[in-house]
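Please look over the sequence and the model below before reading on.

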Amino acid sequence: MSDENDFTHLAWNLNAELWDEKMGTEGNDFFRVLQLPYILDYLKSYPVNGDAPIHILDIACGNGLLSRKLAELGYKVTAIDFSENLIERAKAYQNPSNLIQYQVIDVSDPSSLQQLDDAVYDHAICNMALFDIASIEPIFEFLRKKIKPGGTFIFSLLHPVFNNSSTIKSVEEIYENEGLKEVFSVKISKYLSIYAAKGIALSGQKHPQYYFNRPIEYYLNLGFQNGFVVDRFNETSFKEQETKNTLSWGSNFHEIPPVLMVRMKKMER
Ligand SMILES: C[S@@+](CC[C@H](N)C(=O)[O-])C[C@H]1O[C@@H](n2cnc3c(N)ncnc32)[C@H](O)[C@@H]1O
């Protein structure tokens, strides 16, 4: 493991309890509003119909919250994460119809990915984690071989343009239409650089983890090089959401999407 990957691994193990407490079975507002409805919509073209099971690889599954939602819908799920503590917590929940199989795998390491059995998958999903992973080339290379043609790789990101480690949120006042108006904006100073920066994902998180910042072209080009094309793309923001504090991602920032959702389709073997 690289030093950054070691640090990330330790951080996620140390934060596993807090992460699990905050995400539980329904997830936070980012999961419920900005990600899950899009993931389910992207999967609608591939409904479970009772014939051959549809097999999904849930990459960096955390406490298994998405895996459980998928299993409740009848999808067979292989759920992987490199945090032993998070996998232990995921296993402690109910396993709907026994459709989920959990495994500790470091997806930045090709030899760890080889420990997965010889299955090919209909789809892979990586929800809010590619930017948490020190090296993502091994995953894309793995998916090139392991996703069936016509299958998909669905992933969500902290929007690399608007919600990266250099983002500064601000509120300013302007005089407009004979009154004062608050204007919410973000300032970005770094977008094209590829760099790691420490941060926290949850309030109250004691141990920071790394964010691996990459521009959108980095992700898309890796997909293109590995036989995928983009066929669904959404930039998601809170429309009606109450803002917990003025500068949190809520309706004050409804014009600025904090999350990017992508579906890539596999074209070739
Ligand atoms: C923000 S959490 C997302 C968890 C889950 N997908 C969800 O939507 O709740 C990021 C996850 O990435 C995992 N992760 C980071 N680097 C990894 C790696 N190299 N291999 C496997 N999992 C990794 C962490 O352990 C953590 O569970």
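What follows is a briefing on the ligand site and on the salt bridges.

This is a predicted model, in which local features need pLDDT of at least 70 and side-chain atom pairs count only at pLDDT 80 or more, while totals for chains, interfaces and linings use all residues. Residues are numbered from 1 along each chain as its sequence is written, and side-chain values use heavy atoms, with hydrogens and water left out.

**The ligand and its shell**

- The ligand is surrounded by 21 residues, a residue being counted if one of its heavy atoms lies within 4 Å of the molecule, and the closest are Ala60, Asp81, Asp106, Val107 and Asn127.
- Sorted by class, this shell has 13 nonpolar, 5 polar and 3 charged residues, where Ala, Val, Leu, Ile, Met, Phe, Trp, Tyr, Cys and Pro count as nonpolar, Asp, Glu, Lys and Arg as charged, and the others, Gly among them, as polar.

- A polar backbone atom of alanine 60 is 2.7 Å from a nitrogen atom of the ligand, and for a polar backbone atom of phenylalanine 82 the distance to a ligand nitrogen is 3.2 Å.
- Aspartate 106 takes part through its side chain, a polar atom of which lies 2.8 Å from a nitrogen atom of the ligand.
- Taken alone, the ligand exposes 590 Å², and the protein buries 97% of that, with accessible areas coming from the Shrake-Rupley method with a 1.4 Å probe.

**Salt bridges**

- The structure holds 8 salt bridges, each being a side-chain nitrogen of Lys or Arg within 4 Å of a carboxyl oxygen of Asp or Glu.
- One of them joins the side chains of glutamate 26 and lysine 69 at 2.9 Å, N to O, and this pair links distant parts of the chain, since glutamate 26 is in the loop between helix 2 and helix 3 (29-43) and lysine 69 is in helix 4 (residues 65-72), 43 residues apart.
- Glutamate 26 is partly exposed at 43% relative accessible area, whereas lysine 69 counts as buried at 16%; buried means under 20%, exposed over 50%, and partly exposed in between (1.4 Å probe, protein chains only).
- Another joins aspartate 122 and lysine 148 at 3.0 Å, N to O; aspartate 122 is buried, with a relative accessible area of 15%, and lysine 148 is partly exposed, with 31%.

Methods
A polar contact is a pair of N or O atoms within 3.5 Å; within protein, one must be able to donate a hydrogen and the other to accept it, and residues adjacent in sequence count only if both atoms are side-chain atoms. Helices (H or I, at least four residues) and strands (E, at least two) are DSSP runs, numbered from the N terminus.
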